[in-house]
Amino acid sequence: MLLDFVRFVRSSDREAILAELSTFSVRDFIIREQNRGLSPYTVQGKVRALKAFSSWLMAEGYTSENVLSNIKLPKVPIKIVEPHTPAEIDLLLSAQNPLTTQGCRNISILVTLLDTGLRLGELSGLRFHDAHVEEGYLKIMGKGSKERLVPIGALAQKMLWRYLFHFRHQPASDLDNYLFLTLEGRHLSSNAIKLVFERWRKRAGVPRLHAHLCRHTYATNFLTEKCGDVLHLKMILGHSSLEMVNRYVHFASAQDMIRGRISSPVDHMGLKQLRGYKIDRILKARSG
């Protein structure tokens, strides 16, 4: 992403030096990228990278101030993303055989993701000794090498115990001593889990299966089921700010409105004309 900005500077016959990193040049860069028809998320990601680079330059003493501190992130559309439904999860579970090594492992992975909101890399990188299943928590190494403790529920504990005691192979080496392993006892990488999910969703007929949607499902259900407040959710998910958590609050509020069937203002207005309509009876008689 930084190279995109370097190419932008050079396209105007300027030298790509730190003096060219300014609010004016970055705003021009944003306009250029938006006019290229790039996704708003892509443009925002590039600006995030530039702002992070600017902060690093000041911290390392290359600049006397954070030259991009006044640059605001371009807005992106906030879309309502439906979490996985119980029906979808049942279909996924039905497509695996829990009495086989592969089936039990895959079910354990899905339940763990849905019960903890872990990122895919965090799940794949979870070491065996960091899974405190009996005590009911996992010790996760998150972004920025920040450790955090993530609680797990009774059903997740049950599935993990079943996998660990009956189906998990011995690691092929000390380097492979991760919680989730391949059938050969090797580390189950993030890419391998993606391939598992790709085959799984085709078999189950659930095309939306992917790890990030499991994380979204966890966060939404955490709030709608009143499992805790936004600060607890922030800690569990490993976010450094409440910005992302507030998005989940927005999603959860929408779910609450749908489930709770919020009272309608028109229903309370007592409109006699609407209540007196016999149109349904007339239409039914016509169709008969």
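The model is predicted, so local features need pLDDT of at least 70 and side-chain atom pairs count only at pLDDT 80 or more, while totals for chains, interfaces and linings use all residues. Residues are numbered from 1 along each chain as its sequence is written, and side-chain values use heavy atoms, with hydrogens and water left out.

**Overall make-up**

- The secondary structure of the protein comes to 13 helices and three strands, where helices (H or I, at least four residues) and strands (E, at least two) are DSSP runs numbered from the N terminus.
- Of the 288 residues in the protein, 36% count as buried; the term buried stands for under 20% relative accessible area, exposed for over 50%, and partly exposed for what lies in between (1.4 Å probe, protein chains only).
- The protein exposes about 17,700 Å², and carbon and sulfur atoms supply 56% of this area; accessible areas come from the Shrake-Rupley method with a 1.4 Å probe, and for residues only the protein chains shown count as cover.
- Among the contacts in the protein with a separation of 6 or more, 58% are accounted for by residues 24 or more positions apart, a contact being heavy atoms within 4.5 Å.

**Salt bridges**

- Side chains of opposite charge can pair when their charged atoms come close.
- A salt bridge is counted when a side-chain nitrogen of Lys or Arg is within 4 Å of a carboxyl oxygen of Asp or Glu, and by this rule the count comes to twelve salt bridges.
- One of them joins K46 and D4, whose closest N and O atoms are 2.9 Å apart; K46 lies in helix α3 and D4 in helix α1, so this pair ties together parts that are 42 residues apart in sequence.
- The side chain of K46 also meets that of E33 in a salt bridge, at 2.6 Å from N to O, and this pair links distant parts of the chain, with K46 in helix α3 and E33 in helix α2, 13 residues apart.
- With a relative accessible area of 7%, K46 is buried, and E33 counts as buried at 1% relative accessibility, whereas D4 counts as partly exposed at 21%.
- D4, R7, R32, E33, R36 and K46 are linked in a network of salt bridges.
- Another salt bridge is formed by E122 with R119, where the closest N and O atoms are 2.5 Å apart; E122 is buried, with a relative accessible area of 6%, and R119 is buried as well, with a relative accessible area of 16%.

**Aromatic rings**

- Rings of Phe, Tyr and Trp (its six-membered ring) pair if their centres lie within 6.5 Å, and planes under 30 degrees apart count as stacked, over 60 as edge-to-face and the rest as tilted; by this rule the count comes to nine aromatic pairs.
- The rings of Y163 and F180 have centres 5.6 Å apart and planes at 25 degrees, so this pair is stacked.
- Y163 lies in helix α7 (residues 154-167) and F180 in the loop between α7 and α8 (190-204), so the pair ties together parts that are 17 residues apart in sequence, and both Y163 and F180 are buried.
- F5, F8 and F29 form one aromatic cluster.
- The charged end of R127 sits over the ring of Y178, 4.1 Å from the ring centre; a charge sits over a ring if NZ of Lys or CZ of Arg is within 6 Å of the ring centre and within 35 degrees of the ring normal.

**A nonpolar surface patch**

- L18, W56 and Y62 form a nonpolar patch on the surface, and together they have about 340 Å² of accessible area.
- Patches are made of residues with over 30% relative accessible area and no salt bridge, with like charges joined within 9 Å and nonpolar side chains (Val, Leu, Ile, Met, Phe, Trp, Tyr) within 5 Å.
- L18 is found in the loop between α1 (2-10) and α2 (23-35), and at 40% relative accessibility L18 counts as partly exposed.

**Two single residues**

- L38 is found in the loop between α2 and α3 (40-59) and is partly exposed, with a relative accessible area of 26%.
- Leaving aside neighbours within four places in sequence, L38 is in contact with E33, V43 and K46.
- N106 lies in helix α5 (residues 101-116) and is buried, with a relative accessible area of 1%.
- Not counting residues up to four places away in sequence, N106 touches Q96, V196 and W200.
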